[in-house]
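The sequence and structure come first.

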Amino acid sequence: MRQSAGQRLRQAVEEERPLQVVGAINAYAAIIAEHAGFRALYISGAGVANASFGLPDLGITTLNDCVEEVRRLSSVTELPILVDADTGFGSSFQIARTIQQMERAGAAGVHIEDQVAAKRCGHRPNKAIVSQAEMVDRIRSAADARQDSQFVIMARTDALAVEGIDHAIERALACIEAGADMIFPEAVTKLEDYRAFVDAVQVPVLANITEFGLTPLFTAEELASAGVGLALYPLSAFRAMSAAALHVYKAIREEGTQQSVVGQMQTRSELYAFLHYLDYEQRLDRLFGMEKGEE
């Protein structure tokens, strides 16, 4: 029997420590990431807002916006996809709908956070979080809604920056009791804090290794030494793509040609190889070649 997406994610976490989970900004990025050897993908809420809608990550995009990205990625890869579900996109019944829609779209799991609905980037100041009781209700609603028991419910807490590590760990433990399978402590600054979470919760802990944030760019080896189960790189490739695009646009505008930057581009043949373009052409030839010959 074919494994579910949730089963594939759980298996990958068991087999690679820490499991490197890399953000894919679109379906083509997912293909490239799989080719590079990654075993799990990530859809970032900030990525959806920034890249697909040109908006900041401030809780503006919707469940449907995010689910559409899941459908696009799951249609081109069998890699398990972890999805940023923000605060769950609503109260209890809406959180349940979020889980059901994510499962149907092909996600392997989601993380739900404890910020207020008018959320901020986890590495920005002045974050506000809901009460522990409300966060527990979010996780309980999510766990109760899943159809596949292996679908991963991950609880993200921003309490470390707001209330300190002891309260953050207390929240994490309460979320596990409510049904969370994994824990995502946001904006951790020290390896020993990751170790404290790992020792306390006894479930896989995710480290968000995002650039230009509060968390140092710990190596996979350093994270493994702290017992971290998953290492997340949510927007690394997107940031590089954006910088490269700006460079190319400027060159064309200023020089009147792209000649100076062609060497930095992926070639047409490389693109075709990733997309199996020639296989599609050959299929067309098989389907319609005879008819063309008869004409």
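## Salt bridges

The predicted model holds 22 salt bridges, a salt bridge being a side-chain nitrogen of Lys or Arg within 4 Å of a carboxyl oxygen of Asp or Glu. Side chains of opposite charge can pair when their charged atoms come close. Because this is a predicted model, local features need pLDDT of at least 70 and side-chain atom pairs count only at pLDDT 80 or more, while totals for chains, interfaces and linings use all residues. Residues are numbered from 1 along each chain as its sequence is written, and side-chain values use heavy atoms, with hydrogens and water left out.

One of the salt bridges joins Asp181 to Arg10, with 3.2 Å between the closest N and O atoms. This pair links distant parts of the chain, 171 residues apart: Arg10 belongs to helix H1 (residues 5-15), and Asp181 to the loop between H8 and S6. Helices (H or I, at least four residues) and strands (E, at least two) are DSSP runs, numbered from the N terminus. Asp181 counts as buried, because its relative accessibility is 17%; buried means under 20% relative accessible area, exposed over 50%, and partly exposed in between, with a 1.4 Å probe and protein chains only.

## Salt bridges within helices

Glu69 and Arg72 form a salt bridge with an N to O distance of 3.3 Å. Both residues are in helix H4 (residues 63-74), where they are three residues apart, about one turn of the helix. Glu69 has a relative accessibility of 5% and so counts as buried, whereas Arg72, at 42%, counts as partly exposed.

In helix H9 (residues 191-201), Asp199 and Arg195 are four residues apart, again about one turn of the helix. Their side chains meet in a salt bridge at 3.3 Å, N to O. Asp199 is partly exposed because its relative accessible area is 46%. Arg195 also counts as partly exposed, at 30% relative accessibility.

## A salt-bridge network and a charge over a ring

Eight residues are linked in a network of salt bridges: Asp57, Asp86, Glu113, Lys119, Lys127, Arg156, Asp158 and Glu186. Arg156, one of the residues in this network, also lies over the face of Phe184, at 5.4 Å from the ring centre. A charge sits over a ring if NZ of Lys or CZ of Arg is within 6 Å of the ring centre and within 35 degrees of the ring normal.

## Aromatic pairs

The whole structure contains three aromatic pairs. Rings of Phe, Tyr and Trp (its six-membered ring) pair if their centres lie within 6.5 Å; planes under 30 degrees apart count as stacked, over 60 as edge-to-face and the rest as tilted. Tyr194 and Phe218 have ring centres 6.4 Å apart and planes at 80°, so this pair is edge-to-face. The pair links distant parts of the chain, 24 residues apart: Tyr194 is in helix H9, and Phe218 is in the loop between strand S7 (206-208) and helix H10 (220-225). Tyr194 is buried, with a relative accessible area of 0%, and Phe218 is buried at 12%.

Tyr272 and Tyr277 form a stacked aromatic pair, with 4.0 Å from centre to centre and 10° between the planes. Tyr272 is partly exposed, with a relative accessible area of 24%. Tyr277 is partly exposed at 32%.

## A nonpolar surface patch

Tyr277 also takes part in a nonpolar surface patch of about 250 Å², together with Leu275 and Leu278. Patches are made of residues with over 30% relative accessible area and no salt bridge; like charges are joined within 9 Å, and nonpolar side chains (Val, Leu, Ile, Met, Phe, Trp, Tyr) within 5 Å. Accessible areas come from the Shrake-Rupley method with a 1.4 Å probe, and for residues only the protein chains shown count as cover. Leu278 is in helix H13 (residues 277-294) and is partly exposed, with a relative accessible area of 49%.

Ala180 lies in the loop between helix H8 (165-178) and strand S6 (182-185). With a relative accessible area of 6%, Ala180 is buried. Apart from neighbours within four places in sequence, Ala180 is in contact (heavy atoms within 4.5 Å) with Ile139, Ile153, Ala155 and Cys175.

Asp144 is in helix H6 (residues 132-145) and counts as exposed, at 66% relative accessibility. Asp144 and Gly179 are 35 residues apart in sequence, with their C-alpha atoms 8.1 Å apart in space.
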